[in-house]
Amino acid sequence: MIHHSTAPSFEFNDIGLADDQYAVRIRNLSHHFGTGDLKTQVLYDINLDLKRGQIVILTGPSGSGKTTLISLIGALRSAQSGSLKVLGKELVGLNKAQLVEVRRNIGFIFQAHNLFDSLTASQNVEMAVELLEDWGEKRAKAAEILAKVGLASRVHYKPKALSGGQKQRVAIARALVNEPALILADEPTAALDKKSGREVVTLMQKLAKEQGRTILIVTHDNSILDVADRIINLVDGRLESDQSLETFVNTHDPKSLDRRMFIM
Amino acid sequence: MRTPIAWLNLVHEKTRLVVAIAGVAFAVILVFMNLGFLGSLAKTAALIYNQINADIFLVSPQALEITTTKAFPIERIYQAAGVPGVERTMPLYVGYLQWRNPITRQSRAMFVYGINPNDPVFVMPELRSPENQAALRRWDTVLIDRLSRPEFGPQDIGTVTEAGRRNVTIGGQYSMGGGFASDGTLIMSDQNFRRYLAPIPLNLINLGLIKLEPGADPQQVKAELQRILPKDVLVFTRQEIIERDRDYWISATSIGFMFTMGVIVSLVVGVVIVYQILYTDIASHMKQYATLKAMGYNKRFLFALILQEAIILAVLGYIPGFIIAVGLYELTTRATAGGLPIGMEVSRAVLVLVLTILMCSISGLISVQKAVTADPADVF
Ligand SMILES: Nc1ncnc2c1ncn2[C@@H]1O[C@H](COP(=O)(O)OP(=O)(O)OP(=O)(O)O)[C@@H](O)[C@H]1O
Ligand SMILES: [Mg+2]
C-alpha cells in the first residue's frame with residue numbers, strides 16, 4: 001500500500017499545460033534540518049503540481065513533514081534543493097528579502113489566529129491591505145471581506161470580544177483580503193469545535209470557488225476532506241498518494257486511516 | 001494612514017503603559033534635577049559677580065572662588081588706579097561670620113561683604129537709599145540679604161542679635177542670594193568688618209574691583225594691569241572670573257562630577273526600565289510579529305515599529321517628568337529662599353527631551369534584536 005520509492009510517486013497528467021496553469025510546481029524537492037551529525041532529512045524528492053483553482057488537502061501522520069512542505073511553498077523557509085515554483089516564480093536560491101516579496105502574494109491561515117489583541121477586527125485585516133499601500137480603500141476592503149466571512153456586525157470588535165471561530169474567520173479575512181492567488185492553511189480548524197471548524201472550511205471553499213483561488217490545507221480533520229478537489233498524503237517525508245476524494249476514501253478504510261494519521 | 005499599531009499596542013496594556021510612563025518620567029525628573037543643580041552652579045557664579053559694579057577683578061592666585069580667597073595688599077588697587085581707562089578702584093573684603101538666630105539662639109555661618117560705604121560696590125539700587133546708606137555708616141549695624149535662609153531668624157530692621165560674639169543690629173535689607181557656598185549674606189562697612197572679623201587689617205583685601213571709563217577696552221586695560229602688577233594678583237574680566245568660579249565648582253569640586261554622574265546613572269536606569277517594558281511587550285507579541293513577517297512585512301517594518309514604541313514612551317514619559325521637574329525646581333528655589341537659582345530653561349528642556357528620546361531609542365535598539373528574530377516559519 002505504501003510506496004517507498006524515490007521516484008515521483010504519481011504521474012504528471014498535465015505535462016502539456018503551460019506554467020501559468022499551475023499555482024505550484026515542485027520537482028525533486030528535498031529538505032534537511034540541522035547541519036553535520038545532526039542533519040536529518042525530512043522531505044524526500046517531492047514532486048507535486050497544484051493546478052490553479054483547486055482545493056487540495058494535505059494529510060499524513062504527525063511528523064511526516066506537512067508543515068515543513070507548506071512552509072517551503074509559502075516562502076517561509078528557504079528551499080534547499082530541487083525546484084520549487086510558486087505562482088510562476090522559482091523559490092530555490094532566493095534570499096530572505098526576495099522571499100518576503102513572494103509572501104505578499106500568498107494568504108496564510110494558521111492554526112492560531114495570531115491577531116493583534118490591540119487592534120479591532122477591521123484593523124487586523126487592514127494590516128494586510130496596507131502591504132499594498134492601498135490607504136484610501138483599506139477600510140472599505142476590510143469591511144467588505146469581513147462581511148463575506150459573516151462578521152459584518154463585528155467589524156470594530158477587538159479579538160477579546162470574539163469567539164474562537166470568529167477570530168479564525170477574521171484571520172481568514174486577513175488572508176483573503178488581498179485576493180492572493182494561493183492560500184496556505186495549516187490545520188485551520190484545529191483550535192475550533194467541529195461545527196465552527198466546518199463553517200470555516202466551507203467559507204474558504206466558497207470564497208475560493210468564487211474567486212478562483214488555489215488552496216492548500218493541511219489537516220488531520222477527516223470531517224472536512226469532502227471540500228477537497230484532491231487529497232495528498234505525505235508519509236515520512238514522501239508523497240505517498242495523490243487521489244481524488246473517492247479513491248482516497250475507498251482505499252483508506254477509516255480505521256487504518258485514523259491509525260496512520262495519528263501515529264507519532 | 002497606516003494603522004498606528006505601535007501606539008495601539010502600547011495603550012492596549014494600560015497597566016504596562018502606566019508603569020512605563022512612570023519609569024521614563026522618573027528618569028526624566030532625575031536628569032532634570034541633576035542638570036538643574038549643575039546649571040545653578042554656573043548661574044550662582046554669574047549671579048554674585050553680576051551684582052558687583054566692576055569690569056575687572058583682582059584676586060590672589062591662591063583664590064579658588066569668591067568665598068575661598070586669599071588676601072593681598074591694598075596697594076594693588078592703588079597701582080591699578082593709575083592705569084589709563086580705569087575710572088575707579090574699590091576694595092572688597094569677604095569672610096564668614098557666625099550669626100546667631102535671636103529666637104532659637106542657634107549660630108550659623110553668614111557670608112559677609114565688607115565695603116567702603118562711599119564706594120558703589122554693588123549694583124542693587126536699594127543699597128543707595130538714604131536709609132541703607134545711613135545704616136551702613138552706623139557702628140555695629142549691617143544690611144541683611146532677604147534671600148538668606150530662614151534659619152538665620154528675623155530680618156526686620158532694628159532686630160538685635162549677636163555676630164561673632166558682638167552685638168549687631170540689622171539696619172537694612174537687600175536681595176542677592178548666597179549661591180552654593182553660603183546660606184546667607186551680609187553687607188557691612190569696612191570699619192565694622194574689621195571689628196567683627198578681627199584680627200583683619202584693612203590693608204589686606206580679598207578682591208580688587210576696577211570700574212572702567214565708558215568706552216575703555218577691558219582686554220587692553222587687563223593687559224596693562226598684568227604688565228604693571230606684581231605676580232601676587234591675577235587680573236580677570238567679569239566674564240573670565242565668572243567662568244573661573246564656575247569651572248572651580250564644576251571641575252575642581254566633586255559637585256560637578258556628582259551631578260554629571262547623576263545624569264548618566266538616571267539615563268542608564270531609564271534605559272533599563274524602558275528595555276524591560278519593550279522586551280515584555282515584544283515577547284508577548286512574537287506570534288503576531290512572525291505573522292506580520294509571513295504576510296510580507298520586512299525586518300525594517302518591525303524595527304520601525306519598536307522604535308516608534310520607544311519614542312512614544314519617551315514623549316509620554318517626558319511630559320509628566322517635565323511638569324514635575326518644574327514643580328521641584330520651584331520647590332528648591334523656595335526651600336533655598338531663592339539662593340539657589342534653579343529654573344527651567346528652554347535649552348535644558350530640549351536637551352532632556354533629546355536625551356530621553358535617545359535613552360528610549362537605545363532600549364528600543366537593544367530589544368528590537370528579539371523582535372526581528374521573529375521567524376515566520378515558526379507560526380505554522
Ligand atoms: N525547525 C526544525 N528543526 C529541526 N527539525 C525540525 C524542525 N521543524 C520540524 N522538524 C522535524 O521535521 C519533521 C517534520 O516536521 P513537520 O512539522 O513538518 O511535521 P508535520 O507533518 O507538520 O507534523 P504535525 O502533523 O505534527 O504538525 C519532524 O520530525 C520534526 O521533528
Ligand atoms: Mg504541522
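Which helix of chain A gives the most to the shell around ligand 1? Select residues 66-73 of chain A: this is helix 1, and with three residues helix 1 gives the most to that shell. Helices here are DSSP runs of H or I with at least four residues, numbered from the N terminus.

The model is predicted: local features need pLDDT of at least 70, side-chain atom pairs count only at pLDDT 80 or more, and totals for chains, interfaces and linings use all residues. Residues are numbered from 1 along each chain as its sequence is written, chains are lettered from A and ligands numbered from 1 in the order in which they are written, and side-chain values use heavy atoms, with hydrogens and water left out.

**Ligand 1**

Next, show the residues around ligand 1, among them A:Phe33, A:Val42, A:Lys66, A:Glu187 and A:His220 (a heavy atom within 4 Å). The shell comprises three nonpolar, seven polar and two charged residues.

Now display distances from oxygen atoms of ligand 1. A polar side-chain atom of A:Thr68 is at 2.5 Å, an N or O atom in the side chain of A:Thr67 at 2.6 Å, and a backbone N or O atom of A:Gly63 at 2.8 Å. Of the 630 Å² of accessible area that ligand 1 has on its own, the protein covers 58% (Shrake-Rupley method, 1.4 Å probe).

**The largest pocket**

Move to A:Lys96, A:Arg103, B:Lys293, B:Lys299 and B:Pro376, which lie nearest the centre of the largest pocket among its 19 lining residues. A pocket is an open set of points on a 1 Å grid over the protein atoms alone, where a 1.4 Å probe fits, with protein on both sides within 12 Å along at least five of seven lines; lining residues have an atom within 4 Å of a point. Its volume is about 420 Å³. Finally, select residues 96-103 of chain A: this is helix 2, which gives the most to the lining, with six residues.

Methods: Polar contact = N/O pair within 3.5 Å; in protein donor to acceptor, adjacent residues only side chain to side chain. Helix = DSSP H or I, 4+ residues; strand = E, 2+ residues; numbered from the N terminus. Nonpolar A, V, L, I, M, F, W, Y, C, P; charged D, E, K, R; others polar. Points joined across faces, edges and corners; volume = space filled by probe spheres on them.
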